Amino acid sequence: MIPHLMDFRADPAVLITQALDGYAPLVRKLASHDSLDPDVSVAAALALGRIHGQCLDIAWLEDVPFPLPIGDPMTPEEYCGQAAEYPLFAAWMPRVETALQNLAEEWRQTFFIHGDFKADNLHLNADPGKTGRPRIVVVDWELAGRGEPLWDVGSYVGSVLAIWIDRLGHDAGAFSLFEAAGASAFQRQIGHFLITYRHLMPEAAGNMDRFVLSSLRYAGIFFLHRVLAGLSTTGRVSASGSLMLHMAEALLIRTERAAAVLLPGLR
């Protein structure tokens, strides 16, 4: 599940891990137009359960901070140094500020977490016929540490929903996202993942209702990260970025409706 560590260099910080033959990024499987197999999300939940269930002395780990800075306004110099269309993002943020503040107040640093658990960082065994190989291997551990396990859960959910948005294209209306055709396969992916994880990690997940809603809210933060990443590389909020902002707002503010539509019967 975890690539073998070959070497570590502190300055600059670099992890060198064993090369993986016969594995392909899970995001390719989920993005393909073939029928989606919910078993891959079950495998992802099993991998995440093993990570969060590690019996480590986490006192020596670095704290993973809340994924977005809260309550620290930028200086004028910092603001002017942002991407060209950052003001569009900044003007939108007050809509979700209260929801983010509530999540920040609930942030726990009580589990070993991956910190960037998304479909891009999960590699799927491309040859299931070969025995003795894990179904999924998790890569990119630079952000791992002591933090909130539901951030990992929400990041995976958000990465699956992001693939769905990419399939929709850029013409879907902001208010038709949840009703768009083709959602059922992604609903199954997310549902199987959440049910499996909660069965494995009831202590980390907590109450089912809180677990589902918190996971979706953290998925909303995942979309905000995607928009910020686009700003850092292109300086713009793209058409897909605009859709992601609408999805983030729905997940962070209209969470109960989002859960009822995306995950009917799960709560």
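Trainee: Starting with the largest pocket: how does its lining split by class, nonpolar, polar and charged?
Mentor: This is a predicted model, to be clear. The lining of the largest pocket has 15 nonpolar residues, 4 polar and 2 charged.

Trainee: What volume does the largest pocket have?
Mentor: About 620 Å³.

Trainee: And which residues lie nearest its centre?
Mentor: Pro69, Asp72, Met74, Tyr86 and Met93. The lining of the largest pocket counts 21 residues.

Trainee: Which elements give two or more residues to that lining?
Mentor: Three helices: α4 (86-92), α5 (97-106) and α9 (208-234).

Trainee: OK, so what are they for α6 and α7?
Mentor: The angle is about 170 degrees, and the axes lie 10 Å apart. Helix α6 covers residues 149-168, and helix α7 covers residues 183-200.

Trainee: Roughly parallel or antiparallel, then?
Mentor: Roughly antiparallel, because the angle is over 145 degrees.

Trainee: Which residues make the contact?
Mentor: From α6 you have Pro149, Val153, Tyr156, Val157, Val160, Leu161, Ile163, Trp164 and Arg167. From α7 come Ala183, Phe186, Gln189, Ile190, Phe193, Leu194 and Tyr197.

Trainee: How does that α6 with α7 contact divide by class?
Mentor: 14 residues are nonpolar, 1 is polar and 1 is charged.

Trainee: What about α2 and α6, what angle do they cross at?
Mentor: Roughly 160 degrees. Their axes come within 11 Å, and α2 spans residues 39-52. That angle makes α2 roughly antiparallel to α6.

Trainee: Is the crossing of α2 and α6 left-handed or right-handed?
Mentor: Right-handed.

Trainee: Which residues touch there?
Mentor: On the α2 side, Val40, Ser41, Ala44, Leu48 and His52. On the α6 side, Pro149, Asp152, Val153 and Tyr156.

Trainee: Last one. How do the residues between α2 and α6 divide by class?
Mentor: 6 nonpolar, 2 polar and 1 charged.

Technical notes:
Residues are numbered from 1 along each chain as its sequence is written. This is a predicted model: local features need pLDDT of at least 70, side-chain atom pairs count only at pLDDT 80 or more; totals for chains, interfaces and linings use all residues. Side-chain values use heavy atoms; hydrogens and water are left out. On a 1 Å grid over the protein atoms alone, a cavity is a set of points where a 1.4 Å probe fits but cannot get out, and a pocket is an open set with protein on both sides within 12 Å along at least five of seven lines; lining residues have an atom within 4 Å of a point. Grid points are joined across faces, edges and corners, and a volume is the space filled by probe spheres set on the points. Helices (H or I, at least four residues) and strands (E, at least two) are DSSP runs, numbered from the N terminus. Ala, Val, Leu, Ile, Met, Phe, Trp, Tyr, Cys and Pro count as nonpolar, Asp, Glu, Lys and Arg as charged, and the others, Gly among them, as polar. Axes are lines fitted to C-alpha atoms, for helices over the stretch in contact, and angles run from 0 to 180 degrees between N-to-C directions. Angles under 35 degrees count as roughly parallel, over 145 as roughly antiparallel, 65 to 115 as roughly perpendicular and the rest as oblique. Contact means heavy atoms within 4.5 Å. A crossing is left-handed if the near helix is turned anticlockwise from the far one by less than a right angle, and right-handed if clockwise.
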